[in-house]
Amino acid sequence: MPSINENFLKLEKNYLFINIAKKVNAYKEAHPDADIIRMGIGDVTLPIAKCVVDAMKKGADEMGVKETFRGYEDSGTGYDFLKEAVSGYYKSFGVDVAVDEIRINDGAKSDCGNIVDIFGNDNVVLITDPAYPVYVDTNLMSGRKVIYADSTEENGFAAMPDDSVHADLIYLCSPNNPTGSAYTKEQLKAWIDYAIKNNAIIIYDAAYEAFITDEAVPRSIFAVEGSRQCAIEMCSLSKTAGFTGMRCGYTVIPNELKVTASDGTEVSISQLWGRREGSKFNGVSYPVQCAAAAVFTEEGQKQTKENIKYYQENAKIIASALDELGIKYTGGKNSPYIWLKCPGNMGSWEFFDFLLEKANVVGTPGAGFGKNGEGWFRLTAFGDRERTKEAMERIKALKF
Ligand code: MLT
């Protein structure tokens with residue numbers, strides 16, 4: 001009989017969003033007439049921009065013609081046309097990233113989880129709490145020691161480094177999922193200085209960068225001095241261009257990012273990750289890469305930015321309802337997430353049940369993102385406009 005990786009037994013039984021879906025489905029079964037509004041999982045609702053869909057169709061058509069058919073993509077890192085488009089996108093907000101530093105992936109989640117493969121299990125991993133569950137789960141799966149940096153109401157849910165603590169790998173997400181807080185350049189510089197001092201690597205999740213409105217908030221960690229020495233960045237088209245069902249994103253690893261192996265040799269992180277990908281990943285489909293490249297064209301940017309504006313307006317609607325109710329919250333400004341303090345001193349899951357039963361509105365309990373999320377709750381602005389308004393009217397009518 002094979003033994004199993006018993007680290008899996010230390011995890012929560014289900015992934016957070018699967019747990020929520022199960023609870024909602026059970027409620028729906030018991031109350032078939034309930035008109036449930038889902039503001040839990042951060043899934044987009046607007047259709048993909050027309051020029052992006054057209055590019056995907058064209059790519060699919062090419063696959064059906066002998067002269068333009070494509071099998072494996074040679075490098076396994078993505079087509080140059082897409083990597084060049086991504087590099088141009090970085091340039092548009094003043095960041096230089098070379099084409100050979102970009103690797104196309106099937107969304108930030110996979111790379112955030114899989115990157116652990118190339119690091120030793122003896123590393124101390126520092127994760128801000130609350131955090132996107134993928135960071136903690138994937139490190140626990142490989143049996144690593146995880147320590148936490150507290151994001152709390154007191155620090156505006158923007159945990160900062162503690163010089164008395166050592167870490168080898170650091171996960172940062174800005175704009176943050178779930179709290180919606182976003183690091184300024186100065187705050188990121190403090191993390192970079194800490195990483196350099198500790199010889200650590202920052203794994204930076206920038207999946208929500210397109211929602212940034214504040215000039216003081218960098219769109220990429222590579223906009224901050226020193227980052228090329230110590231950071232890897234993952235980004236995704238899921239939330240920015242409606243690719244949750246398409247799957248495409250990119251990871252940036254600076255060419256100069258190196259670590260020293262136990263025998264003293266210098267090892268390039270980019271080469272190590274490339275080696276991992278060569279054995280375990282065959283890339284993203286050609287039509288999807290064509291679609292992704294179209295996102296970065298002038299028309300693609302215009303159309304996708306309209307969708308982002310729509311979600312930002314939803315965020316304002318949610319925020320203004322919470323203002324009316326006098327409920328504290330963060331986020332919504334540089335982020336599609338609103339992170340609110342559960343009213344009436346309710347716990348996160350207690351408020352989840354309350355909201356589901358009394359208003360038929362689904363959100364995400366903050367406790368699902370870590371201990372500092374207890375007593376907090378996440379709503380997403382990715383819903384339909386009228387349904388978002390309706391949800392907030394229902395919440396406003398509640399008695400807490
Ligand atoms: C979220 O809602 O936080 C995520 O987008 C869901 C996921 O990717 O697992």
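**Ligand site, sheets and backbone geometry of the predicted model**

A polar side-chain atom of Tyr 15 is placed 2.6 Å from an oxygen atom of the ligand, a polar contact being a pair of N or O atoms within 3.5 Å (within protein, one must be able to donate a hydrogen and the other to accept it, and residues adjacent in sequence count only if both atoms are side-chain atoms). The model is predicted, with local features requiring pLDDT of at least 70 and side-chain atom pairs counted only at pLDDT 80 or more, whereas totals for chains, interfaces and linings use all residues. Residues are numbered from 1 along each chain as its sequence is written, and side-chain values use heavy atoms, with hydrogens and water left out.

For Lys 239, a polar side-chain atom lies 2.4 Å from a ligand oxygen atom, and for Arg 378, a side-chain N or O atom is found 2.8 Å from an oxygen atom of the ligand. Of the 270 Å² of accessible area that the ligand has on its own, the protein covers 89% (Shrake-Rupley method with a 1.4 Å probe; for residues, only the protein chains shown count as cover). The residues surrounding the ligand include Phe 17, Ile 41, Gly 42, Lys 109, Tyr 132, Asn 177, Tyr 208 and Tyr 337, a residue being near a molecule or strand if one of its heavy atoms lies within 4 Å of it. By class, this shell comprises six nonpolar, two polar and three charged residues; Ala, Val, Leu, Ile, Met, Phe, Trp, Tyr, Cys and Pro are taken as nonpolar, Asp, Glu, Lys and Arg as charged, and the others, Gly among them, as polar.

Seven strands form an open sheet with mixed pairing, in the order S2-S8-S7-S6-S5-S3-S4. Helices (H or I, at least four residues) and strands (E, at least two) are DSSP runs numbered from the N terminus, and two strands pair if DSSP finds at least two bridges between them. Six bridges link S3 (residues 124–129) to S4 in the parallel sense, and Asp 129 has Asp 150 in S4 as its bridge partner. Helix H3 (residues 80–92) packs on the sheet, in contact (heavy atoms within 4.5 Å) with S2, S7 (231–236) and S8 (249–252). The direction of H3 makes about 115 degrees with that of S2.

An open sheet of four strands, S11-S12-S15-S14, shows antiparallel pairing. Its edge strands, S11 (329–331) and S14 (364–365), each pair on one side only. Strands S14 and S15 (residues 376–380) run antiparallel and are joined by two bridges, with Phe 377 in S15 as the bridge partner of Pro 365. Helix H10 (residues 298–325) lies across S11, S12 (337–341) and S15, at about 15 degrees to S12.

The loop between S5 (169–173) and H6 (185–197) contains Pro 175, and Pro 178 is also located in the loop between S5 and H6. The peptide bond from Ser 174 to Pro 175 is cis, with omega near -10 degrees, and a cis bond with omega of about 20 degrees joins Asn 177 and Pro 178. In the loop between H6 and S6 (201–205) lies Asn 199; although not a glycine, Asn 199 has a positive phi of about 55 degrees.

Conventions
Axes are lines fitted to C-alpha atoms, for helices over the stretch in contact, and angles run from 0 to 180 degrees between N-to-C directions.
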